[in-house]
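Here is a short walk through a predicted model.

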Amino acid sequence: MAGADDAVSLVELVEERRHLLDVAFWMLGSGREAERVIDEAYRRWFGLPEAERTRISEPRSWLCRAVGGACLSRLASPGQCGTGTDAAGGVLVDSSSPADRARRSLRARRGRPTSVEEHDAVVRAVREACAREDEEVLASLLAADTAAFFDGGGKVRALIRPVEGRRPVARSLLTLLARHPRTTLDTHAVNGRTGLVVRYGRQVAAVISLDVVGPHVVQVWVTLNPDKLRTWNHPVGP
């Protein structure tokens, strides 16, 4: 289980990945190869033992060095370009599978269905609490055993374990959604129910769905994986 103190702000996650892409593109001159190098760097990051990651005081600097080394390797041996694998070496797994199982389990255990009106009211209240950075109000909207899952897909430095408990989940969300002049938080339809969409400038940087039972949120699912957000940033035309 992750702790709220391990959370990273959305702005930091977005700007870090953009910086790494700029470095890789400058060295390689190819957007596709830059993406591959960035994915490789993040695989190496998440492949480190947790204790070793914790000791790294400047993760962005570490990632920059990893990107630079990977770029130099490609430039020295052009034949290896495009041969990288998306496998995570057994360290990273797609957290959507256990999260989906947890979601089904929660729905099976919980009581009466929540009406659309009740759901929407709770989501709007969560949005307001996050926008005001009001931890007390946000915590009061969460169930005591609420859990938050952060799906970064191994492509941003997001939490890789769920956060559990009213206070830890509230703090992790407020850290992620820390106020910034370029970020906005709005309600939006997500998977057929009202959820939250976070934009950094014009870019959708996170999509948040909430499972609600009665007056409380019982589960939070935060999508940060850039691949899963592509359709939000490049919607299909009519």
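The crossing is right-handed. On the α1 side, the contact is made by Glu-16, Arg-17, Leu-20, Leu-21, Ala-24, Phe-25 and Leu-28. From α2 come Gly-31, Glu-33, Ala-34, Glu-35, Val-37, Ile-38, Asp-39 and Tyr-42. These residues divide into 9 nonpolar, 1 polar and 5 charged.

Now look at α2 itself, residues 31-47. Its 17 residues should span 24 Å at 1.5 Å a residue, and the end C-alpha atoms are 24 Å apart, so the two values agree. Which residues of α2 are buried? They are Glu-33, Ala-34, Val-37, Ile-38, Asp-39, Ala-41, Tyr-42, Arg-43, Trp-45 and Phe-46. These buried residues pack against α1, α3 (50-55) and α4.

Helix α4 also meets α1. Here α1 (residues 10-28) and α4 (residues 59-76) pack at an angle of about 25°, with their axes 10 Å apart. That angle makes α1 roughly parallel to α4, because the cut-off is under 35 degrees. Again the crossing is right-handed. Helix α1 brings Glu-12, Glu-15, Glu-16, His-19, Leu-20, Val-23, Ala-24, Met-27 and Leu-28 to this contact. Helix α4 brings Arg-60, Leu-63, Cys-64, Val-67, Gly-68, Cys-71, Leu-72, Arg-74 and Leu-75. The contact residues of α1 with α4 divide into 11 nonpolar, 2 polar and 5 charged.

Conventions. Residues are numbered from 1 along each chain as its sequence is written. This is a predicted model: local features need pLDDT of at least 70, side-chain atom pairs count only at pLDDT 80 or more; totals for chains, interfaces and linings use all residues. Side-chain values use heavy atoms; hydrogens and water are left out. Axes are lines fitted to C-alpha atoms, for helices over the stretch in contact, and angles run from 0 to 180 degrees between N-to-C directions. Helices (H or I, at least four residues) and strands (E, at least two) are DSSP runs, numbered from the N terminus. Angles under 35 degrees count as roughly parallel, over 145 as roughly antiparallel, 65 to 115 as roughly perpendicular and the rest as oblique. A crossing is left-handed if the near helix is turned anticlockwise from the far one by less than a right angle, and right-handed if clockwise. Contact means heavy atoms within 4.5 Å. Ala, Val, Leu, Ile, Met, Phe, Trp, Tyr, Cys and Pro count as nonpolar, Asp, Glu, Lys and Arg as charged, and the others, Gly among them, as polar. The expected span of a helix is 1.5 Å times one less than its number of residues. Buried means under 20% relative accessible area, exposed over 50%, partly exposed in between (1.4 Å probe, protein chains only).
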